[in-house]
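Q: Please take a close look at one part of this structure: the ligand site. What surrounds the ligand there?

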Amino acid sequence: MNRSLRPLMATVIIFAIAYAAAVMQFPGLLSTRVLGNFLTDNAFLGITAVGMTFVILSGGIDLSVGAVIGFTGVLVAVLISSLGLHPLVAFAIALVVAALFGAAMGFAIHYLQVPAFIVTLAGMFLARGGASVITQDSVPINHAFYSYLSSLYFRLPGGGRLSFVGLLMVAVFIVGAIVAHRTRFGSYVYALGGNTTSASLMGVPVARTTIQIYMLSSVLAGLAGIVFSLYTSAGYPLAAVGVELDAIGAVVIGGTLLTGGYGFVFGTFVGVMLLGLVQTYIIFDGTLSSWWTKIVIGFLLFLFIVLQRLVFAASSRGDRAPQKA
Amino acid sequence: MEQTAFRMEARGVSKIFGNHTALDAVEFGLLPGEVHALLGENGAGKSTLIKILTGAYQPDGGKILVDGEEVVLNSPLHAQSFGIGAVYQEVNLLPNRSVAENLFLGHQPTRFGLVDRRRMDREARVLLQRYGLGIDPSSELGTHSVAVQQIVAIARAVQLSGKVLILDEPTASLDRDEVQRLFEVVAGLKRDGLAIVFITHFLDQVFALADRVTILRNGKLIDTRRLDELTRTELVRKMLGKDIAFSGSTSLKTERPVTDVLIDYEGYGKKRSVHPFSLTIHKGEVIGVAGLLGSGRTEMARIMFGIDPADQGTATLNGRPVAIKTAVDAIKHGFGFCPEDRKADGIFGELSVRENIVIALQGKLGWFRALNRDEQLDLAGQFGEAMDIRAASLDMPVKLLSGGNQQKVILARWLATDPAFLILDEPTRGIDVGAHAEIVRTINRLRDDGMALVVISSELDEVVAYSSRIVVMRDREMVAELRGEDISPGVIVQAIATHGEKAA
Amino acid sequence: MNRLAFGRLVNTQTVALVGVLLLNWLLFPGFFKIEWQDGRLFGSLIDVLNRGAPVAILAIGMTAVIATKGVDLSVGAVMAMAGAVAATLVVAGYPTALAIVAALAVGLLCGLWNGILVALLDIQPIIATLVLMVAGRGIAQLITEGSIVTFSDPALIFIGTGSLFGFPMPVVIAFTLLVLVTLAVRKTAIGLFIEAVGVNRSAATLAGIRSRLLLIVVYALSGLCAAIAGLIVTADIHGADANNAGLWLELDAILAAVIGGTSLLGGRFSIAMSVVGALIIQAMNTGILVSGFPPEFNLVVKAGMITLILVIQSPFSSQFMNWLGRRNRGAAR
Amino acid sequence: ADMTIGFSQIGSESGWRAAETSVTKQQAEKRGITLKFADAQQKQENQIKAIRGFIAQGVDAILVAPVVATGWDDVLTEAKEAKIPVILLDRGVDASQDLYLTSVASDQVKEGKVAGDWLVGAVKDKDCKVVELQGTVGSTPAINRKKGFEEAIAGHNNISIVRSQTGDFTRSKGKEVMEGFLKAENGGKGICAVYAHNDDMAVGAIQAIKDAGLKPGTDILVVSIDGVPDIFAAMVAGEANATVELTPNMAGPALDALAAYKKDGTVPPKFIITESKLYTPADNPQGEYDARKGLGY
Ligand SMILES: Nc1ncnc2c1ncn2[C@@H]1O[C@H](COP(=O)(O)OP(=O)(O)OP(=O)(O)O)[C@@H](O)[C@H]1O
Ligand SMILES: Nc1ncnc2c1ncn2[C@@H]1O[C@H](COP(=O)(O)OP(=O)(O)OP(=O)(O)O)[C@@H](O)[C@H]1O
Ligand SMILES: [Mg+2]
Ligand SMILES: [Mg+2]
């Protein structure tokens, strides 16, 4: 098997085992309702994580995504509620703003050679601060189109709902996977993650690709912000605090190496679902206090990475077996 | 518009790094259908020149012409669009991607805007076959040896170059057959009218392949000549600015009296890596290790040094059994190891030359017996001088040194630990004739001082020059041990081949 | 020699610090006023030192970790744990010394845990330490049961609010730690080894450096520093606030190290400069406080300042300065 | 009847919040109710997930302490469709009133107003410069408590807020910010009172005032909101002047209303407003301290 597929396989296996174990304890977890909720509730995280996957594959990191979600939400809300724009116009504006923001970060990372960690940290402060400068309150969005979008869903047998935002996330994952694995841009992303110097000597347009990667991440975070605002019908400057860590966690659990160059978009999907499963499991359990919740999440995270290493080690044994002629 | 016959031309090109002038108004012209050797000592500026010719660096002065027209090459990609392809000195590929993708990155065949993987793999397979490489194009490049990667890099460059092909020390990690194949490919390209730049430190290869030579010294152009106007001695004199004795090929293999045994490996090996081997190494002896690509020479060295600890057999040092489970153990017992992949395993790029030299000794001394700055400077100065390291300052980052000088730094690092047993994996890779002779001399000197050495090299002439005994590896198995009369390139080749036939 | 030492003091970090301080002075004229009161120094400048101390202490450990190409996200949570342990123990009537030792031991243990995950299990540092970042705060809350454990033990409080030679204790502790750790890494070979492991771990191992042990020691140091910082903030407010102690301070500590010139890619590091970085961050915070800006602008101002400092520090701008210099010289000719 | 109730709590960001959680658990236990608890770690999205999870499990009722006012329509509609009554604790929401059974909460604007009124009464006609320690920027209580206080002092020109910064609802930031205020206002000599949006920040501010060599409660008046044990301890020491209680027992009235509704369909009032009681050193602070100590603050 291809070496780089192994962590992905590990994640998928762990997810399957974890899900089976959880269902044994709470059969309710198998209902279409829970499955539908998985997609809907994690839609904004999933969309963000797709962008984060590209960033991490290229060897970078984007700490600003949570703040960008908050900022776009507020921007969209203010554009619709205060300025009376049509939501679609507001979406377009928000995505353009997000794209510019991402481009500026990519520009700073490439041309000023400041580490991505720090540029995007400053970006996080800026977006979060910008949102609270626009408004401190949470701004409700009342618009017919909004209610239409947010209540758009297919009913599944068994009371579950397949919502518009859930499907949107799936679509973003599919497009993301195609872009990452089947386009030149995707191969450039992996190239940057492999070795920037080599990539540039091999003719990869490093500056353009870097800027595009951070643009992509910010645009997807912006899209996630729109989804979040659909989800809550409001824009709130403090929305989605800390989502960047969840997104990074999902990407890494999904088998992508933080050092860049290895990983799959699909792995991130499994990672998001795994995080969702942990949360749902804890809710179903319902006996954990605030602190035990944190301890258990930390412990499960630990368990996943250790298991992943074990599966990885087990499958890489016999890697360089001598091929006697 | 000035018209010249040159396919590509550099006029008065200069490059300055900080205070150091790496290139000083260099003139360089390439004719279509020629193989042009670019020669010079380590640090002469060869790699810098080709980086400028391929847009990886911007010149600080002068201009570049392609087909008589002035161009500004602002990136390798831009250079590629002019049909200029290059293999850089350090293998610059992506270990994390498949072989096929490394071959086609940026030019992947597409269908409906998406990369057509199947076609890409198919084309890659065909392409690699020209170089006799039967590897799976969808396998990860990083899982292959340096040599394989080198071939892939060459295949990529050839593929991209419509007009100019630049090869910076492409043969450094190739064995004879591979070199031969490469030469055939280059000859074919030459017939097709490509202009080819060829950088190497192997003068034999220069004479075998090149039509013209350009010689650089200290960043200055010394001469450009047709090769048939030059003798070997003249060439070397131009490169070094002085005469040298070819100690390498003239040294005498005196049958040495067998002295004390230093280390004795008995049935030593590691499952799934190297078959158990037995080897007795005496003080004052050089064991040469020969073998084909991927025959397991590097792996054997790593086992000897405890990086991948052996799981069977015993090692006896000075008559006492020793357990060598880590590099730290090995160093404690007076071992040293110069790895083959200098960039990945040898050099601390950001650290200074001084720190790079003292680090192994410091590692041996431990955390708390720190060498102070003066001691470090002393040591670095002493061993730097012994190895003739050309560095503007001992405090400059080692990554700014030329490839050959980096190799010398690593050697100096181990000599500073005063080892009893030194393992050198391809120590002369990428080293100029002067330094090459220097290293061969050093190996001989160390042997005479009573040190035991194991030297892995793909250069049979070189192995023959300094080895007291030669072991031949094949398929990760030690298949022959040659001594005395048998130590000659012909016998070695035969040993590899014969055993190969037997095994097949 | 003297000129050399002085020259080393004039660098982007110190210039930035002086710049921020001057800006504060423009916004608030009394900024540099220092008074002697009740046997100790008082003034905004002292506040900067005092409030900057916890992050400075975190930055000391963080710098070493970052120099090995790692990062330690758990320091904030470790601070909370150490504080919780110390406070609960003194409230339960144990001697102060025991409480302090226990808190430090907890920090050390956490650091060892991180180090083992990174060095022995080869887990990527960001994820390895994320485990403790999440779980650690939970453990701290478990100890305090979510409430603020208030204590009145004078010896413990002294760590946070006492003073020595006129300086607040946190400043004294941070300074002592800075000197000790700097000596420890520079007078031994540890500093060189840290840089070597950070630049090229594989080569370091081949050169006979015990890189795994070194990594464990470095993370343990970071944990210990976090525990000390945790004790200080706990002592400062006479209570262990497991919910908020050290919250997001890991980001400040990383920022301090980066402003201090340590690359997140590992290699060269300077602990003293990281401490200066921490002071720059605190000077910014204090400046925002005394300036009277509405709080909703805090983050925007901070983002702007960070960007400015990093742009000034970037290789790009030094190239730009070189280019300017060369052009001017060219013009003069 | 054996009832299972889901409780979606915001998180555990302060001692008061911890007390609310433990009181809610106690109240449920007292009534023989099984409580499913979910901590949202300060995130609305987690609360929505939790509520959806409760619906999927088919609980009998849901308690929510909403982290923000907006964004609840969809999930509350889902609960309504599943015929699960929802009760809001501690804060209200901007959603149609028929989506929840009742809302048990304090009036945050009033809390600020009570604090402001106390200050107006305490300083009479004297000039008074107030410094304000705000809660987390953008949080509902911070916005409302600021508003209420400003309403109370409006029209009293002798009282003015001279500085206002966020102390993030924490003790340590409260202390740090207060230190800054003291420096900025001439060593604190110009400050007559500090108004903190919660008691934790007030406790921090008290320490800062003491460190600066002034007497909190005398040189600088201290008024704040919540009524946590430590502020009563400060009152005992004469270092705090007033606090407005925010009871952690929101669950008691909520569960009572729920029980009545389940029993015979009694529809409770839409808003059950808890009392915003003012406590001063005259109200037996030692007794209040002792009474609260065991509540999990
Ligand atoms: N990026 C750089 N910064 C500073 N100095 C550099 C840089 N690159 C090369 N140099 C210096 O320029 C000189 C020429 O180096 P170059 O790599 O071109 O030599 P070379 O002829 O290719 O040597 P070798 O045969 O060892 O590969 C050397 O002295 C080297 O130290
Ligand atoms: N031509 C090849 N085709 C496929 N795999 C190869 C080839 N050459 C080398 N390899 C792989 O790389 C490994 C090389 O092992 P090792 O590096 O110990 O060999 P070596 O004799 O030192 O060769 P080198 O000349 O590369 O130094 C082999 O085990 C093999 O898996
Ligand atoms: Mg070179
Ligand atoms: Mg080898």
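A: Here is the ligand site, step by step.

This is a predicted model, in which local features need pLDDT of at least 70, side-chain atom pairs count only at pLDDT 80 or more, and totals for chains, interfaces and linings use all residues. Residues are numbered from 1 along each chain as its sequence is written, chains are lettered from A and ligands numbered from 1 in the order written, and side-chain values use heavy atoms, with hydrogens and water left out.

Start with the shell. There are 20 residues around ligand 1 (a residue is near if one of its heavy atoms lies within 4 Å). Asn42(B), Gly43(B), Ser47(B), Thr48(B) and Leu400(B) come nearest. The shell holds six nonpolar, 11 polar and three charged residues (Ala, Val, Leu, Ile, Met, Phe, Trp, Tyr, Cys and Pro count as nonpolar; Asp, Glu, Lys and Arg as charged; the others, Gly among them, as polar).

Next, the polar contacts (pairs of N or O atoms within 3.5 Å). An oxygen atom of ligand 1 is 2.6 Å from a side-chain N or O atom of Ser47(B). For the side chain of Lys46(B), the distance from a ligand 1 oxygen to an N or O atom is 2.8 Å.

Now the larger elements. In chain B, β2 (20-30), α1 (46-53) and α15 (403-415) each supply at least two shell residues (DSSP runs, helices H or I of at least four residues, strands E of at least two, numbered from the N terminus). α1(B) gives the most, with three. Ligand 1 lies between domain 1 (3-96 + 140-230) and domain 3 (345-418) of chain B, because both give residues to its shell (bounds come from an automatic or database domain assignment).

Methods. A polar contact is a pair of N or O atoms within 3.5 Å; within protein, one must be able to donate a hydrogen and the other to accept it, and residues adjacent in sequence count only if both atoms are side-chain atoms.
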